[in-house]
Amino acid sequence: LPQLQRQFRLFLAPTEQPVFIVKPTDNVYSYFMFISPTELKKEGGTFTWDTIMAYLLIVVNFAMQGLLLYAIFNKIVVGNIEWQNGIMKVGGADWGLFDVKAAGADCNDGGSLCFIDHNNNFSTFSCAPPSVQLTGRWDELDTNGDGIWTQQEVMESREKLQCKYVVDPVEVFNVFINFLKERDNVIWLSPEVKHGKAIPKPYFTYAAGDIIMCGYRNQLMCPNLLKRGVFHAPLKYKSAPRVGVTIESALDYCYNLLAPGGYCERILPSTYAVWRQESEEQCKNPKFSKMVYENPGNGIVKSLLEVDYSARVAYERSKTSTFKFYKCIVIALWCLTMLVELREIVMDLTWAFRFPAASRFGADAVKIHQDVEGNNKYTIQGITPVHRCWVAVLCFARFVMTGILLFVGVNYLLKQTSYINLIMDAVALGFIMEISR
């Protein structure tokens, strides 16, 4: 900016003192407002390099702010909505964020990790892999209610179940058969099970114990299952030969199911591998901590590593009262910043509509005088209609940009679950805001 002090006064009447004085500030909007009248006084016209630079700076400012906001909105806000939809859908539709469909109106497209099933006025929430979800749906599998799930029933309900659970029930039927055959060394198998013709409910319940374990995704969860008491009863009462009676045997059973290349990965349909990969991506990085487990059967103690995941830890932290209060402070400060910007816009817009016309003062629309150091100082008393219109257009553009900044900024800050990252995100938004300076 030229090293000239320019100021204008807003008059209600020619004989009254100014209501307020607006002086140049260090942003492109102030430069745009002051440069045109002063250039008209100095050069006799407004088409000068300084005025061209003012228009160019305004365009560059909005272009940079718009590009950065678009990148944030598209990558963070829209990306977060897509992530939410990838986690959860209701009745085959997105979780009511933009496009809610009637429950059951369409088939489940498998686009989400979890879903809510509306059935007989009772809603079931599940994030289990599709093949595992069927382990709790015996009534939907045994359609005639005789206590035996047959191949004929599989074929009759195949289309309906595949639409609802995104998995071929024929594959699931074969999974149960294969799991039972893997356990033929510890249980007796009836001929109908050995030949893969039918699965009586007791066999289904037995195999479901193994298949449900597959919902824990990988072998890192095995110590957690011990801590949660999943193997407590088998170890204490020695009631499950496949689990054994020691901590090591229980871990071996769990590892054989969940380890890479284990029973779950080899026997379950391909939809399980897809679910496993997606769930690992959603949980993010594992975090380990020491734990001690005591065998309830023999009292032997063993040190193990339990696992937790950064996404779950971050979500839990975001629900604490301290973090919510902290986030409210940061968002409130951002809203206050937008309020200050809005106040400046209203002041500039008031000036554009109410400042006297240059024709009223003739050649004295801009007065020049020198300060004690001999520098020229400009006092703007009136502006041209063209400049008035351009300033009004600029104020409108600033108002729109401020609204976008407020919307994107609040949504951006709401998505954060880390103390430090929340501050850094606010600083990044402040940087976008300060581009005009």
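The predicted model of the protein contains 18 helices and 12 strands, assigned as DSSP runs (H or I, at least four residues, for helices; E, at least two, for strands) and numbered from the N terminus. Residues are numbered from 1 along each chain as its sequence is written. Because the model is predicted, local features need pLDDT of at least 70 and side-chain atom pairs count only at pLDDT 80 or more, whereas totals for chains, interfaces and linings use all residues; side-chain values use heavy atoms, without hydrogens or water.

The mean pLDDT (the predictor's confidence in each residue, from 0 to 100) is 81, and 84% of residues reach 70 or more. Residues 90–104 stay under 50 in pLDDT, with 23 contacts beyond four places in sequence, a contact meaning heavy atoms within 4.5 Å. Where pLDDT is low, the predicted coordinates should not be read in detail.

Of the 437 residues in the protein, 41% are buried, that is, under 20% relative accessible area (1.4 Å probe, protein chains only). In helix α15 (residues 310–318), the buried residues are Ser310, Ala314 and Ser318. Seen down the axis of α15, these residues fall within an arc of 70°, taken from the directions from the helix axis to the C-beta atoms, and so line one face of the helix. They pack against α14 (270–283), β9 (286–294), β10 (301–309) and α16.

Helix α16 (residues 321–354) in turn packs with helix α17 (residues 385–414) at an angle of about 170°, their axes lying 9 Å apart. The two helices are therefore roughly antiparallel (angles over 145 degrees).

Conventions:
Axes fitted to C-alpha atoms, helices over the stretch in contact; angles between N-to-C directions. Parallel < 35°, antiparallel > 145°, perpendicular 65-115°, else oblique. Buried < 20%, exposed > 50% of the residue type's maximum accessible area, 1.4 Å probe, protein only.
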